[in-house]
Amino acid sequence: MTERDDEPTPPAEAPDTAAEAPDTAAEAAGHDATPAAADDLRPAQREARAKRLGRRVPLVAGIGAVIMAALLGLVIMARSDGSPFEFDEEWAEEVFEARGPVGDVFAFFMNDLGGGVFGVFVVPILIAVVLLICRRPWGALYFIVASAASAGVVQILKNLFGRARPEDILVHSDFGSFPSGHVANAATIAVAIGVIVPIVSVWIAGAAYTVLMAVSRTYLGAHWLSDTLGGLLVGAGVALVIWAAFATRLERERLAWIDRVSRRNAARAQAHVTPPMRGRDPES
C-alpha cells in the first residue's frame, strides 16, 4: 500500500525561544543582571547614583522634627507658663539622687565639651578641618552649615518660649531652658557625621553621645528632661534639612572617596606582592 497523497504532514517544530529569551529586562537591554561591584565605582555609575539619591525623605523628616519641637514648646508654655511635666520632676529626682564625685566629673566634662566657645566653635571647626584633610570639602561645608543653623534655631526657640530652668542648677547657663542647646548640638553632630560616614558604628556612637549629653544636662539641673527631647528634635531635624540641600554633592563626594581609597589599597596590595620565581633551566 502507498501513502495517501492528501494525508496532512506534521507541522515543523517551532524553535524553542523560551530558553534563549533573556530572563530579565536588564539582559534584554544588553546588560548583565548582576553587574560587578566595581561598576558602582565607575564615574558614570557614581553620577547616576548621586542623582538618584532622594532628598524628599530627609527634608520632610527634618521639617517634621523641628515642627514637633516647636509644638512641644507650645504645649510646655501652655501649662502654667512652662511648669515641668510629672516625668520631668520624677527624672530630676532620680538623677539628683545619683549625684556624686564621679558623676560630677562626667557631667562637667560634657558641659564643657558640648557648649560654650569650645563646643559651639572649636569642635565644629576641628571636625571640619579633619574632613578637609580627608578631602571631603562638601562634607566639611555641610557640617559647618548644619551646626550654625542648629545653634540659630535653638536660640530662636529659647527666646520665643523663655522657659525657666530648674532651681537646683550646678552650672551657669544662658537664658531659656527649652530646648537644650547642648543636646541639639550633640544631635546635629551625630546626624551630620552619620550622613558623611554612613556606618552603623558611627550612628551608634552618635546616638550614645547624644543620650549621654541629655543625661548630663539633667544631672546638672540645667534642663528638664523635656528640654533635652526638644533639643534632640531640633538638632536632628536641622541636620536632616541641611542634608537634603547637600545630598547630591555629599553622595558624589562619598563615592569618589571610596573610589580613591579602593585604588590606593589596591596599589599598596600590588606593591607588596612578591614577583613569581622564574622557572629553572632543566639542564642546569
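**What I am working from.** The model is a predicted one, in which local features need pLDDT of at least 70 and side-chain atom pairs count only at pLDDT 80 or more, while totals for chains, interfaces and linings use all residues. Residues are numbered from 1 along each chain as its sequence is written, and side-chain values use heavy atoms, with hydrogens and water left out.

**The chain as a whole.** I found ten helices and zero strands in the protein chain, where helices (H or I, at least four residues) and strands (E, at least two) are DSSP runs numbered from the N terminus. Of the 284 residues in the protein chain, 36% are buried. I then looked at contacts, meaning heavy atoms within 4.5 Å, and noted that among those between residues at least 6 apart in sequence, 77% join residues at least 24 apart. The protein chain exposes about 17500 Å², and carbon and sulfur atoms supply 65% of that area, computed by the Shrake-Rupley method with a 1.4 Å probe, where for residues only the protein chains shown count as cover.

**Salt bridges.** I took a salt bridge to be a side-chain nitrogen of Lys or Arg within 4 Å of a carboxyl oxygen of Asp or Glu, and by this rule the count comes to eight. Returning to glutamate 251, I saw that its side chain meets that of arginine 254 in a salt bridge at 3.0 Å, N to O. Both residues lie in helix α10 (residues 225-271), three residues apart, about one turn of the helix, and arginine 254 also counts as buried because its relative accessibility is 14%.

In the next pair, aspartate 259 and arginine 263, the closest N and O atoms are 3.1 Å apart. These two are separated by about one helical turn because they stand four residues apart in helix α10. Aspartate 259 counts as buried at 11% relative accessibility, whereas arginine 263, at 57%, counts as exposed.

The pair of arginine 163 and aspartate 88 has its closest N and O atoms 3.5 Å apart. It links distant parts of the chain, with arginine 163 in the loop between α7 (137-161) and α8 (181-196) and aspartate 88 in helix α4 (residues 86-97), 75 residues apart. I noted that arginine 163 and aspartate 88 are both buried.

**Two helices side by side.** I recorded that the axes of helix α9 (residues 200-219) and α10 come within 9 Å and cross at roughly 150°, the axes being lines fitted to C-alpha atoms, for helices over the stretch in contact, with angles that run from 0 to 180 degrees between N-to-C directions. Where do they meet? Thr210, Ala214, Arg217 and Thr218 in α9 meet Leu225, Thr228 and Leu232 in α10.

My last entry concerns valine 122, which is found in helix α6. Valine 122 counts as partly exposed because its relative accessibility is 30%.

Key. Buried means under 20% relative accessible area, exposed over 50%, partly exposed in between (1.4 Å probe, protein chains only).
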